[in-house]
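I opened this model to look up a few local features and keep short notes on each. The entries follow in the order I made them.

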Amino acid sequence: MIESGASWRRHRIAGLGLSFEVNPAWPLDTLPLDGGTIVSQRLPDGAGVFVRYGPGQTLDRFLAALGDALTTATIVRDDVTRFLGAPARRVTVRLDRRPIPGPSSDRPTLLRVTGFAVHGVPVLVGYRMREDRAAEIEATLERVVGSVAPAGEEAAAGPGEPSPIA
Amino acid sequence: MERAAQSSTRRRTRSVDPHPHRAGTPSATQTEAASDRTHGARAGIVFLQQTLGNRGVQRLLFSAAGSPPPIQRANPLDQRLPMDRAEAISFARQAKADIDVALATLTADPEPERRNAAEFVAKEKVVTHALTPRHDSPIGAPTIRFFPGENDYTESFTADGASTHFAGSRRKGIWVRARQDANVDEPLAADEIAGRIVGAVSEIAFTRAAHPGAPAAFDLYRARFEGLYFLPEFFGKSDAFDRSLDGKGPRTPHARAVFERIYAGDPAVKKAYDADTAGIREKIDTYTMPEGMNRINSPRLQKLRASFFAFSAPVADAAYPAFKSAIKGAAAALDDDDRKAIDASNDWQRLINEHVEDDEKRGEIRAVIAGQAIGAAPAPAPAPAAPKPAAPLTRDEFLAGWEPTVAVSSGGATEVVVAGDKVKYVGGALLMRVGAVLTGDKPNSGLVLFVRAQVLRDPDVVAPAKSELFPARGEDASVQLAVQAPAVLPAGGDKLTARVEILDADKATVLDHKDVAFTAEAEAVFTKEKAETEATADLAHFLDASPAGIVGKLNAMGPQEKRLAEAMSKGVIDVQPMVMRHDSVAFVTAKKGAPDPSSVGYFKGTTEDDAHSFVDHTNTRGVTDDFQKILVKRTTDVPSGAKMSDDDVIEVLVHEAVHALDAPYWQSSFDPIDRYKTEFRAYWMDGSFGPPDKAICPVPAKGCKPAVVDPTMPAPGPKSPRARAIFQHLYEDYDYVKPAYDDNKDGFRDAVDQYVVPDGINLLLSARLERLRKLIEDYDGTDFVAFREAVLGFTGVGPAPVDGVLTADERAQIVGNRAWRDHVEANVPNAGQQKTIKHDLGIAL
């Protein structure tokens with residue numbers, strides 16, 4: 001497992017009131033977005049886990065932007081769910097890049113993202129991974145997603161548990 | 001008896017008769033001696049021979065005559081054959097005695113494959129017998145009826161008159177012809193018999209090591225190839241790629257001659273090749289040199305190989321300790337020659353990788369076989385070792401003689417970074433290669449060590465650690481890392497450290513580490529309008545036919561470039577610019593859901609909008625995004641308007657144009673091997689590793705690698721310097737190659753190791769070849785007369801097509817490349833029509 005031996009620590013997202021576990025062996029990047037902010041960690045093979053938040057970070061807008069002139073984005077699963085006790089939508093998207101000659105493998109990528117709101121602010125929590133690495137890496141990425149919790153209440157909160165955020 | 005196809009061999013490491021004997025006119029002396037004998041006298045002599053033995057008869061007849069002439073016991077009408085059945089049996093018994101003597105001499109031979117052969121026979125219980133012509137074989141025929149063994153004619157069979165030995169199909173026995181081919185009266189010298197024994201044993205050793213159970217058809221071909229390859233009549237032929245050879249068979253004269261011998265003499269091979277059974281045609285066509293897991297006939301290697309048989313691949317974690325123990329036990333007996341043979345063998349490395357699936361275990365098993373200690377404490381402060389040029393690199397020498405390597409992509413080039421350097425972010429990111437290089441004059445000697453690299457913004461990690469096995473015979477190793485620029489750069493720049501560590505075979509023990517500190521600075525911002533302005537200028541420059549433009553410059557160059565210019569001008573290839581978007585970081589984040597500093601946002605054409613934009617690597621210089629469509633990144637820095645040089649643009653175009661006209665690739669399933677082969681073809685034809693139309697390099701070589709097969713090259717990779725150089729580049733820089741090769745996914749490694757020359761449908765970038773390819777592809781079988789007339793037009797018969805008739809070089813491409821043969825066979829299914837079109841185009845039937 002990728003996280004074997006990792007000394008996880010909790011990272012608080014100031015201004016959002018959420019925190020999540022991060023692995024110090026991976027870069028932690030915080031970047032501004034058009035209508036929000038993204039906090040992400042990148043794994044060695046290009047996989048990444050992220051929290052996007054801000055007024056422009058709705059799930060529909062996120063999905064509409066995926067893919068490019070060489071890449072097709074296809075929704076392969078779309079579920080209504082709850083996250084931290086709040087109504088949420090969880091979507092899995094597959095990105096298929098045209099297999100043009102070049103150094104990149106162009107293996108299909110899966111994006112799994114959950115959209116919900118915290119005090120009316122749209123939040124997206126999810127991850128990106130190569131489809132052929134899913135069996136190896138998915139549990140680690142789910143662990144990070146599952147670690148998202150209201151700041152200060154980390155010990156009590158977890159996926160599917162009641163939360164005061166909603 | 002068990003029977004196998006005929007094969008013959010003599011090892012190149014020994015002096016052998018360079019003129020193998022053939023059936024010919026009997027000598028005058030022998031003919032006279034034969035004519036003096038009456039039938040009754042002969043019958044009496046035969047009786048004596050059978051009771052007293054030949055030497056006893058010789059002594060009786062010539063005891064008072066000084067040096068006697070030999071008894072004529074061959075058929076005077078065909079001296080390859082014994083006079084009668086009794087003579088034949090007698091010959092066989094004498095041959096068996098001579099074989100035993102020769103086998104005994106091999107035990108003290110200095111050459112390992114010969115010395116090992118005797119030991120292999122003893123330890124692997126290989127039975128040895130004589131192979132002798134029957135007396136009643138048709139006189140003068142090119143083939144001979146042979147009988148195996150020494151007792152009777154049971155299990156006789158017909159084979160080539162020059163047959164030297166047989167290896168049993170069950171791989172339990174060998175039958176050696178120990179008398180001269182041309183005259184059965186003449187014994188072979190012990191050394192020559194020994195050579196034939198070695199050849200026969202090598203076939204047994206090859207197939208026993210290849211698989212448990214019955215050998216596959218291609219294994220038998222390879223075993224016979226091994227035997228024939230070193231025969232004097234083949235060994236003198238060139239191993240260089242020969243463009244003049246047609247597409248039927250390997251395209252080096254040496255391998256082609258061996259193929260033709262096997263094809264002509266083995267009906268099973270001919271049938272399988274002609275029908276392309278199980279895809280054997282491509283395997284045979286690309287098999288240009290011997291390879292195998294026991295090329296030195298070592299019983300110890302066979303024992304090690306057999307220790308793998310007990311474990312199904314991949315070995316489960318629970319079974320790994322037992323597997324490792326079994327390998328360790330069998331490897332303990334290996335000698336230096338055995339270990340060198342393993343090191344040189346692609347098949348061995350593939351076998352190990354099949355059994356263990358991660359780099360740590362692979363390294364561990366390799367180290368166990370090599371007898372290398374694992375996880376030992378590093379030597380305290382190793383001092384520079386005394387120069388010993390001939391000795392293999394030791395671990396201490398490795399640790400005392402390496403330096404870190406750091407390079408970053410500037411968008412248009414790769415810049416080497418040393419401590420204290422300043423670099424600029426490109427597209428909000430740094431794309432880097434970080435690794436280690438040996439600084440002595442010696443490459444790695446097979447030491448199993450890993451290089452691990454990461455980038456720190458002290459104390460935080462900003463590019464996560466990646467590791468790479470140091471190549472067994474390589475001098476450097478590196479990994480690709482990417483750093484995301486922070487939202488706000490600190491004053492004075494972003495202080496970064498590239499850290500490189502050397503790890504032991506367990507991939508955990510850090511033996512040494514070194515840091516390179518440098519500063520990354522912000523890049524200039526630019527607008528969408530600026531990017532579009534640069535793109536418009538680039539497109540105009542590409543299509544400019546004046547002496548200053550790209551088309552104009554191509555037209556002033558060699559034939560390959562002229563053909564490219566013609567294809568661009570006639571719209572057979574569409575070339576467009578690709579330029580970085582002004583909002584690259586945001587674009588990548590939007591398209592991929594999260595940041596990816598290894599990527600940049602580009603647009604193609606002259607309009608920066610989402611419909612024409614895509615994500616690709618920072619260091620991309622050009623892309624073929626569809627059949628006949630090329631994008632070239634001429635603008636390397638939008639704010640400054642910096643451009644790639646025209647020479648570089650042309651280099652990119654020549655490379656990408658091979659992809660653009662590589663129809664078989666675009667019609668493939670895009671498997672890793674399809675992708676590898678199109679890259680191989682492109683790198684070969686762009687001249688990066690040598691003139692594409694020349695196998696031998698000019699002097700000075702200037703980076704050229706000869707296109708000559710060399711079986712002595714170490715593994716891994718294809719064994720030709722030019723093919724190896726292309727392979728290494730792809731293995732290191734193309735992310736799908738290493739996993740597919742290391743895991744031999746869908747036979748990827750098998751194919752790559754044999755792919756030493758390019759085979760393609762339009763390596764010449766010819767508009768005419770593309771038109772002809774399309775014409776054949778579109779044939780629907782309804783009007784063959786009109787179709788053939790159109791095809792013939794390309795050859796200069798009848799009305800010429802719009803772009804003219806094929807040139808001599810273009811016709812040679814059709815004749816020499818298997819892709820054209822496949823193309824005609826796929827699109828002209830009617831056998832008669834297919835044969836006609838092949839004949840019209842000069843394609844081998």
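**Notebook: loops, helices and cores**

I began with Lys702(B), which sits in the loop between H24 and H25 of chain B. The model is predicted, and I read every value below with that in mind. Phi of Lys702(B) is near 50°, a positive value in a residue other than glycine. I noted this because most residues other than glycine have a negative phi. Is Lys702(B) buried or exposed? Its relative accessibility is 77%, so Lys702(B) counts as exposed.

The bond from Ala715(B) to Pro716(B) is cis, with omega near 0°. I found another cis bond from Ala313(B) to Pro314(B), with omega near -5°. Pro314(B) belongs to the loop between helix H12 (299-309) and helix H13 (320-331) of chain B.

Next I went to Leu765(B), in the loop between helix H27 (748-754) and H28 of chain B. Leu765(B) is not a glycine, yet its phi is positive, near 60°. I found Leu765(B) buried, with a relative accessible area of 0%.

From there I moved to H28(B). Ser766(B) caps its N-terminal end, with a side-chain oxygen 3.1 Å from the backbone nitrogen of Arg768(B). Buried residues of helix H28 (residues 767-777) include Leu769(B), Leu772(B) and Ile776(B), and also Arg768(B), Glu770(B) and Arg773(B). I listed the partners of the buried residues of H28(B); among them are helix H20 (559-569), helix H29 (784-794) and helix H32 (831-841) of chain B.

Which residues have the most contacts inside the largest nonpolar core? They are Tyr221(B), Leu564(B), Leu653(B) and Tyr676(B), in a core of 75 residues. Helix H22 (residues 646-660) of chain B supplies the largest share of this core, 8 residues. Leaving aside neighbours within four places in sequence, I found Tyr221(B) in contact with Phe259(B), Ile262(B), Val269(B), Ile284(B) and Tyr287(B). Another core, of 40 residues, lies apart from the largest one and includes Ile761(B) and Leu769(B).

My last entry is a helix pair. Helix H4 (residues 85-106) and helix H6 (residues 190-210), both of chain B, pack at an angle of about 80°, their axes 8 Å apart. That angle makes H4(B) roughly perpendicular to H6(B). Residues in the contact include Ile99(B) and Leu103(B) of H4(B) and Ile193(B) and Ile197(B) of H6(B). By class I recorded 9 nonpolar, 1 polar and 1 charged residues there.

Conventions:
Residues are numbered from 1 along each chain as its sequence is written. Chains are lettered from A and ligands numbered from 1 in the order in which they are written. This is a predicted model: local features need pLDDT of at least 70, side-chain atom pairs count only at pLDDT 80 or more; totals for chains, interfaces and linings use all residues. Side-chain values use heavy atoms; hydrogens and water are left out. Axes are lines fitted to C-alpha atoms, for helices over the stretch in contact, and angles run from 0 to 180 degrees between N-to-C directions. Helices (H or I, at least four residues) and strands (E, at least two) are DSSP runs, numbered from the N terminus. Angles under 35 degrees count as roughly parallel, over 145 as roughly antiparallel, 65 to 115 as roughly perpendicular and the rest as oblique. Contact means heavy atoms within 4.5 Å. Ala, Val, Leu, Ile, Met, Phe, Trp, Tyr, Cys and Pro count as nonpolar, Asp, Glu, Lys and Arg as charged, and the others, Gly among them, as polar. A nonpolar core is a set of buried Ala, Val, Leu, Ile, Met, Phe, Trp, Tyr and Cys residues joined through side-chain atoms within 4.5 Å. Buried means under 20% relative accessible area, exposed over 50%, partly exposed in between (1.4 Å probe, protein chains only). A polar contact is a pair of N or O atoms within 3.5 Å; within protein, one must be able to donate a hydrogen and the other to accept it, and residues adjacent in sequence count only if both atoms are side-chain atoms.
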